[in-house]
Every structure is written in C-alpha cells, then in structure tokens.
Amino acid sequence: MAKKDGFHINSMIVLALLQESERHGVEIAKEFKRRSSSHLNCQPGTLYPLLHQLEKQGHVESRWEQPENERARRVYSLTDKGRAEVEHLLMAWNKHMEAVQRILMGPSAQENAFAGVI
C-alpha cells in the first residue's frame, strides 16, 4: 500500500465507494476488482483491518445485518467526518496526479502548456 504524507490510496478508494452507498466488506472488495478491471485487488487481510481503522478514526460506522437465508454481515457506511476525509483525499490525489503528469510531459510540453499551446 502506497503512502505519501499520510495519503493512503486504499483508504481513499474505500471511502469513495462508501460515499456512493453503504456496503459490506465482500462488496467493497468486488468493486475494487470490478472497477479496476482486475488490476487492483483488496484482499481480506488488507481490507478488514483498514475498515476497522477507518471506524476507529470515526470515518465509517458499521452495523450488523442479517439477510434472510444468508450469513450475518457487517455493513459499513460513511460518517460526516468520513465525507470530509474523502473530499480531502480526492483533492490530494488530484494534485498528486497532476504533478506526476507534469513530470511525464517533460519540459517542452510544460512550456507549451504555460504558453497556451496545449
């Protein structure tokens, strides 16, 4: 898991998924994989400690759900603090990606962009 200045990519992704709707752990892991076309996987050994950490930090809350004829499962939802955190993380991610793009573009592309050519 990559970290930069406390920036945690998996946390950002989990919080963003929970921003859309409440989910249980297996559903979060499936969305990780599905939306990344199987390029990203969040294994249970990573996901559940992360969810517990986010809950301890007050970013998510959980409740037990007992679907009929299924195993009980813990469902996670975003708190107000979590909504603020995901917005902060998404802004930090966008700044990070813009910086990487500027590096990859090289000096001449940057000069053209500043001159309004690109």
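Reader: Which residues in H1 meet which ones in H3?

Author: On the H1 side there are Asn10, Ser11, Val14 and Leu15. They meet Thr46, Leu47, Leu50, Leu51 and Leu54 in H3. Keep in mind that this is a predicted model.

Reader: OK, and at roughly what angle do the axes of H1 and H3 cross?

Author: Roughly 75 degrees, and the axes come within 11 Å. For reference, H1 covers residues 9-20 and H3 covers residues 44-56. Angles of 65 to 115 degrees count as roughly perpendicular, so that is the word for H1 and H3.

Reader: Let me zoom out. How many helices and strands does the chain have?

Author: Four helices and five strands. Going along the sequence, the pattern reads β-β-α-β-α-α-β-β-α.

Reader: And how much of the chain is buried?

Author: Buried residues are 29% of the 118 in the chain. The accessible surface is about 8100 Å², with 53% of that belonging to carbon and sulfur atoms.

Reader: What share of the contacts with a separation of 6 or more comes from residues 24 or more positions apart?

Author: That share is 43%.

Reader: Switching to charges. How many salt bridges are there?

Author: The count is nine. One of them pairs Arg63 with Glu22, where the closest N and O atoms are 2.4 Å apart.

Reader: What about Arg34 and Glu31, how do their side chains meet?

Author: In a salt bridge, 2.9 Å from N to O. Both residues lie in helix H2, residues 25-35, and they are three residues apart, about one turn of the helix.

Reader: Why does Glu31 count as buried, and why does Arg34 count as exposed?

Author: Buried means under 20% relative accessible area and exposed means over 50%. Glu31 is at 12%, so it counts as buried. Arg34 is at 54%, so it counts as exposed.

Reader: Good. What do the side chains of Arg73 and Glu65 do?

Author: They meet in a salt bridge too, at 3.0 Å from N to O. Arg73 is partly exposed, with 24% relative accessibility. Glu65 is partly exposed as well, at 24%.

Reader: Which residues do salt bridges with shared partners join into one network?

Author: Glu20, Arg23, Glu27, Glu31, Arg34 and Arg35.

Reader: Where's Ile103, then?

Author: Ile103 is in helix H4, which runs over residues 80-114. Its relative accessible area is 65%, so Ile103 counts as exposed.

Definitions and conventions. Residues numbered from 1 in each chain as written. Predicted model: local features only at pLDDT ≥ 70, side-chain atom pairs only at ≥ 80, totals over all residues. Heavy atoms only, no water. Helix = DSSP H or I, 4+ residues; strand = E, 2+ residues; numbered from the N terminus. Buried < 20%, exposed > 50% of the residue type's maximum accessible area, 1.4 Å probe, protein only. Axes fitted to C-alpha atoms, helices over the stretch in contact; angles between N-to-C directions. Parallel < 35°, antiparallel > 145°, perpendicular 65-115°, else oblique. Contact = heavy atoms within 4.5 Å. Areas by Shrake-Rupley, 256 points an atom, 1.4 Å probe, with all protein chains shown as cover. Salt bridge = Lys/Arg side-chain N within 4 Å of Asp/Glu carboxyl O.
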